[in-house]
Structures are given as structure tokens and as C-alpha cells.
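Hi,

Here is the structure I said I'd pass on. Have a look at it first, and my notes follow below.

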Amino acid sequence: MDELVLPSFEMDCRDWFVVTPDDGQIPEELDGSPVVAMLSTVVIGESTFRPASGVLTLAMVDEDTPVALPLAGGDVAAELVDVDEDGRGMRFVLPAPHGRLALLAEFDMPEGRDPDVVERVEELMRSFRWAA
């Protein structure tokens, strides 16, 4: 395969800082998977600072893909239900229309799964749409 073309997609990233490999600030691959973008956000309270970061990579959906549950209120994203042993992360699969290609969205929350941070991640995933 000489070239891989990902369909266009849209997300509401107003609360996120997004960097792509085109910016030259992140690697083109992560663990052998092509990187589409890296995202960062923070929820700031009166005395708290709760960051989260995410990475979007290309993936293939096949029989080895963990079970995923559709995200309530979303059209595309499904949360992978594989074990998150340390309670600091969330993973979503975003299958492309009519194919086995997908985006994998992996989020890390160093301060743990704070409800406000989880809501921000879920809001971002609910906003995901494949563009026409």
C-alpha cells in the first residue's frame, strides 16, 4: 500500500489544544500507528488543575478489536471496554464509514478520572462526525 487516505472528519475542539504531525511538533507514528493528532486540555477549578491529553491514531477494526459500547449522544464514537487498570485513561474507536479503517482516540488523565475531565473527553467524542 503506497498511500492511505483517511476520510475527512470534524470535532468541536474549542476546549482543546490540537497539534498534528504537519506542525512538526509530534512524531508521525506512535508504536507503529500513524498519528493524526495530539490533544491537550485542562479543567481549572478554584484550587485544582486537572489536565488530560489524547492522541488520535489510525487503526484497523478486526476480530481482535476489544468490545466497544456506543457513547450516549454520539453518532460515531464507541468506548472500548478493555481494562483500564490504573483508572487514568479512556479509549474510543471511531470507525470510518464503509470500511475497517478507524481512528483510535486514547486519553490519559494524570490526576485520575475526574468527572469534569471525563465529561470534557466525552463531549469531544460526542462531537465527532465523518464529514461528507
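F128 is buried, with a relative accessible area of 0% (buried means under 20%, exposed over 50%, and partly exposed in between, with a 1.4 Å probe and protein chains only). W130 is buried too, at 16%, while F9 counts as partly exposed at 25%.

A quick word on the basis: this is a predicted model, where local features need pLDDT of at least 70 and side-chain atom pairs count only at pLDDT 80 or more, while totals for chains, interfaces and linings use all residues. Residues are numbered from 1 along each chain as its sequence is written, and side-chain values use heavy atoms, leaving out hydrogens and water.

Those three residues, F9, F128 and W130, form one aromatic cluster. Rings of Phe, Tyr and Trp (its six-membered ring) pair if their centres lie within 6.5 Å; planes under 30 degrees apart are stacked, over 60 edge-to-face, and the rest tilted. By this rule there are five aromatic pairs. In one of them, F9 and W130 have ring centres 6.0 Å apart and planes at 85°, so the pair is edge-to-face. F9 sits in strand 1 (residues 9-10) and W130 in strand 10 (residues 129-130), so this pair ties together parts 121 residues apart in sequence. Strands here are DSSP runs (E, at least two residues), numbered from the N terminus. F128 and W130 also pair edge-to-face, at 5.1 Å centre to centre with 85° between the planes.

Elsewhere, V67 is exposed, with a relative accessible area of 57%. You'll find V67 in the loop between strand 5 (49-60) and strand 6 (68-70).

Cheers

Terms used
Helices (H or I, at least four residues) and strands (E, at least two) are DSSP runs, numbered from the N terminus.
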